[in-house]
Each structure stands twice: as structure tokens, then as C-alpha cells.
Amino acid sequence: MSCNNHKSPGYYKSLLLETIKKDDLPTFMATLKEEQTNYERKLSEELKSNKNTILHEAVYWNSSSILNFLLKNSNECVINKQNSDGNNILNLATLKQLDWVVDKIITHNYSNEICSSCNSHGDTPFLSAIRTGSQTLVNLYLINENTLEYINDQNKHNYYNSLHVAVTTTNKNFKIIKLLIE
């Protein structure tokens with residue numbers, strides 16, 4: 001009887017997804033080490049057919065322990081990687097209304113590419129913040145040194161600016177509209 005200790009890549013992807021869903025950082029780290037692959041390559045590897053990376057899945061499941069670890073140990077390339085909807089981590093965190101993640105990315109991992117990247121709907125992360133109707137998220141973007149750039153963001157498909165998006169979105173927030181006018 002032969003014993004094969006080699007496990008398939010699918011096994012590791014499945015195990016990583018389960019640890020992310022449970023926000024089980026010790027098992028997550030042990031799984032990453034067990035597979036013995038290049039760490040950065042592993043973080044940018046797609047786990048599902050929707051092209052979500054480990055970081056996308058951690059945002060999706062709001063796995064705070066794993067997210068904190070990954071955000072401290074990820075490079076800009078991993079954070080900017082887009083899924084099948086064209087969402088990078090900042091855009092997805094905005095859509096999921098994870099203001100603590102958005103704040104962390106903006107303050108520690110800022111790059112113009114991450115903040116100006118458009119998803120498949122044509123929205124930048126700032127326009128996504130407006131679409132959520134979250135004044136907290138909009139304020140996080142506006143207190144940043146690149147406020148003027150955000151205000152001038154336009155949807156890549158219909159060329160709506162931030163005020164137009166705020167007025168026409170289904171999650172209309174009049175405080176956001178007033179803020180953008182001022």
C-alpha cells in the first residue's frame with residue numbers, strides 16, 4: 001500500500017477558501033506554508049472561476065484576521081488584481097462597505113492605479129462608494145490628499161461624473177449629494 005502525501009492544488013484552494021470563510025488565521029497560514037509555493041504568486045492566484053484571489057475572498061467574507069494579515073503582507077500588484085467583475089480589492093471593499101479595509105488601503109497602499117481602476121460597470125472605487133450610499137465611505141475618499149481627482153472621476157462607460165452618479169443611483173443619499181456640491 002503506497003502512501004501519497006502530495007495533495008492537489010484544488011485541495012489547497014478548497015482548504016484556503018474554508019479557512020477564509022471561518023476567518024481561521026492559524027490554519028490559513030499553515031495551509032500557505034504547507035503548499036510551499038511562492039507567497040506572492042500564491043496571493044495573486046485565482047481561487048474560483050470568478051477570478052477572485054485569496055484577498056478578494058477575504059474581503060468578500062469579511063475575514064478580518066486574515067484581511068489584516070494579507071493587507072500587511074501584500075504588494076500593490078496583488079491589491080490591484082481585478083476579478084471577473086473588474087473589481088480590485090479597494091473597489092470590492094467599497095462595494096461590501098468595509099470602511100476599515102478601505103481606510104487601510106487608502107492610507108497604506110495608495111497608488112493612483114488602485115484608486116483610478118474601473119470595474120466592468122465603469123466605476124472607480126470612489127464612484128462605487130457613492131453608489132453604496134455610504135457617507136462614511138465617501139468621506140474616507142474625500143479626506144484623502146487626492147480629493148480633487150476623486151471628485152472629477154467619471155464612469156468609463158457613460159461618462160457620468162460623481163455628482164451625476166450620486167443623483168441617479170438607487171441608493172441616493174442627499175447628504176452625499178450636498179457634500180459633492182459643496
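At what angle do helix α5 and helix α8 pack, and how far apart are their axes? In this predicted model, in which local features need pLDDT of at least 70, side-chain atom pairs count only at pLDDT 80 or more, and totals for chains, interfaces and linings use all residues, the angle is about 5° and the axes are 11 Å apart. Residues are numbered from 1 along each chain as its sequence is written, and side-chain values use heavy atoms, with hydrogens and water left out.

Helix α5 spans residues 64–73 and helix α8 spans residues 99–108. Axes are lines fitted to C-alpha atoms, for helices over the stretch in contact, and angles run from 0 to 180 degrees between N-to-C directions. The angle makes α5 roughly parallel to α8 (under 35 degrees counts as roughly parallel, over 145 as roughly antiparallel, 65 to 115 as roughly perpendicular and the rest as oblique). On the α5 side, the contact (heavy atoms within 4.5 Å) is made by S64, L67, N68 and L71; α8 contributes W100, V101, K104 and I105. An α-helix has 3.6 residues a turn, so residues three or four places apart point the same way. By class, 5 nonpolar, 2 polar and 1 charged residues form the contact of α5 with α8 (nonpolar: Ala, Val, Leu, Ile, Met, Phe, Trp, Tyr, Cys and Pro; charged: Asp, Glu, Lys and Arg; polar: the others, Gly among them).

Helix α8 also packs with helix α11 (residues 135–142), where the axes come within 10 Å and cross at roughly 5°. That makes α8 roughly parallel to α11. Here α8 uses D99, V102, D103 and I106, and α11 uses T136, L137, L140 and Y141. The contact of α8 with α11 has 5 nonpolar, 1 polar and 2 charged residues.

The chain as a whole has 14 helices and 0 strands, where helices (H or I, at least four residues) and strands (E, at least two) are DSSP runs numbered from the N terminus. Of its 182 residues, 46% are buried (buried is under 20% relative accessible area, exposed over 50% and partly exposed in between, with a 1.4 Å probe and protein chains only). Among contacts with a separation of 6 or more, 66% are between residues 24 or more positions apart. The chain exposes about 9500 Å², with 50% supplied by carbon and sulfur atoms; accessible areas come from the Shrake-Rupley method with a 1.4 Å probe, and for residues only the protein chains shown count as cover.

Helix α10 (residues 125–132) is mostly covered, with 7 of its 8 residues buried. These are P125, F126, L127, S128, A129, I130 and T132. Just after α10, G133 takes a positive phi of about 80°.

E57 is placed in helix α4 (residues 54–60) and counts as buried because its relative accessibility is 1%. Leaving aside residues up to four places away in sequence, E57 touches L17, I20, L47, K48, N50 and N52. Y12, in helix α1 (residues 9–22), is buried, with a relative accessible area of 7%. Its C-alpha atom is separated by 9.0 Å from that of E34, 22 residues apart along the chain.

For the cysteines, C77 counts as exposed at 59% relative accessibility, whereas C118 counts as buried at 18%. The count of disulfides (pairs of cysteine sulfur atoms within 2.5 Å) comes to 0.
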